[in-house]
Amino acid sequence: MTAAFSLPPEAAEPHLTVAGRTLDRLRTVPALAPRYADHPGSVRTLDELAALPPLVKDDLNTALAHLDPRSESGATWLFQSGGSTGAPKVGYAPTGFYMAGVHAHWQPLDREDVFVNAWGAGRMWGAHFLAAGLADLSGCRIIALGSVTREEYPDWLAFLADRRVTAIGGTPSVLRLWFAHARAAGIKLPTLRKVLWLGEAWQPQLEEDMAAVAPDARRWGMFGSTETWVVGTNTPDCPADTFHPLPAQLVHAGPDGLLDFTTLDPEMLNPVLRYRTGDAGELTACPCGRPGRAMRVLGRRDSVVQVRGLGLHVDELVARVEREPGVSRAQVVITENGGRATGVDVLLLTDPGAAVDAEGLRAELLSATFTLSTAFQHDPENFRVRPVDELVSNDRTGKTATFAVREGS
Ligand SMILES: [Zn+2]
């Protein structure tokens, strides 16, 4: 059973006292205490840890409301996560956002870099601030740009080219906008070598625009959440879905294929003990050759959404549509009225000048997707495929989820 952890017992077990203290904290939460009643009071081995029940997002919200964490040595920051595919959750972090521990193991930036922090700032989202913390530790020059509006891209890109920027960071959805706008405007960023990303899965389509705009740029990824903070990182030598967990973050891959996270950092404010983000994954050896177990993230299990009582695999549907020539990106939008799906739209962003046969694609998806053909058997006109100018994004984080739900009729 211990083979399913990212660290071997001899590396993890000396630090499990932190997990034991987290367990003590969770036991003081009235709504959560009963589930730990049958478990021993401490956590000494990985087997004991694996026997504890996992926490899901709502559990952590319940725990944080009761525990009201405070940093002992500095400020306590409150952040919010979610909103793209679920209700917002609160998470806490101390001064520095644990980035000293990240920087000790992962240094994409150095003193010579000119780094553009393009994660949106404010509205209680953490990514901009943790990236700033990392950049601060690296000693580089920092341009705190945040998010910009559609009309502003060309002017800012000209400024960034003029400043000879070497690094940029953002969510892959936002990075795609930067590179697509640069390509459309004919702006090159020849000095750009590093593209940092966090907040969503990497989007392979980015690489085509990157190659045109900044041929020397390579991706550097972080994986984490507002509850766990940064769990793992990767380099250009790693596959984009594979991350090396930090030693203070213990990753467990369950027999059901879901990942859970336990922090071994004594400064951790969120009670992260077998916490499930909803991501499926496995532990693996990374082809980059770095020793130790890496985690491969296989996407979110909650990408299966209910449409009229049937499970629709949104990621599979989007992946199929994005293989269609001329389609650069797709998104599924479900319209609900009183909790019932009245319609499903597949929105398409198409390449400039591409002619996509939306109606032919619609007919193929409808016949090839059991959930769609069954759910819309009597009203197939309520399943639509249509090109749009922009997809539905979260204004706060700039994330563009593979699916969105809207109220309507
Ligand atoms: Zn690797």
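The C-alpha centres of domain 1 and domain 2 lie 27 Å apart. Domain 1 covers residues 78-299 and domain 2 covers residues 308-407, with bounds that come from an automatic or database domain assignment. This is a predicted model, in which local features need pLDDT of at least 70, side-chain atom pairs count only at pLDDT 80 or more, and totals for chains, interfaces and linings use all residues. Residues are numbered from 1 along each chain as its sequence is written.

**Domain contact**

- In domain 1, 14 residues are in contact with 11 residues of domain 2; contact requires C-beta atoms, placed from the backbone, to lie within 7 Å.
- The side of domain 1 that touches domain 2 has two nonpolar, 10 polar and two charged residues. Ala, Val, Leu, Ile, Met, Phe, Trp, Tyr, Cys and Pro count as nonpolar, Asp, Glu, Lys and Arg as charged, and the others, Gly among them, as polar.

**The sheet**

- Nine strands form an open sheet with mixed pairing, in the order β4-β3-β5-β6-β7-β8-β9-β13-β12. Strands are DSSP runs of E with at least two residues, helices are runs of H or I with at least four, and both are numbered from the N terminus; two strands pair if DSSP finds at least two bridges between them.
- The edge strands, β4 (141-144) and β12 (279-284), each pair on one side only.
- From one strand to the next, the twist averages 30°.
- Strands β8 (residues 229-233) and β9 (residues 242-245) run antiparallel and are joined by two bridges.
- Gly232 stands opposite Pro245 in β9.

**Surroundings of Leu60**

- Leu60 is found in helix α4 (residues 57-67).
- Leu60 counts as buried because it has 27 C-beta neighbours inside 10 Å; the cut-off for buried is 20 or more other C-beta atoms within 10 Å, with C-beta atoms placed from the backbone, while 12 or fewer means exposed and values in between mean partly exposed.
- Leaving aside residues up to four places away in sequence, Leu60 touches Leu55, Lys89, Glu227, Asn270, Pro271 and Tyr275.
- Leu60 and Glu227 are 167 residues apart along the chain, and their C-alpha atoms are separated by 8.0 Å.

**Helices α7 and α8**

- The axes of helix α7 (residues 153-162) and helix α8 (residues 172-185) come within 10 Å and cross at roughly 90°. Axes are lines fitted to C-alpha atoms, for helices over the stretch in contact, and angles run from 0 to 180 degrees between N-to-C directions.
- Tyr153, Pro154 and Leu157 in α7 meet His181, Ala182 and Ala185 in α8.
- This contact of α7 with α8 has five nonpolar, one polar and no charged residues.

Key:
Two residues are in contact if their C-beta atoms, placed from the backbone, lie within 7 Å.
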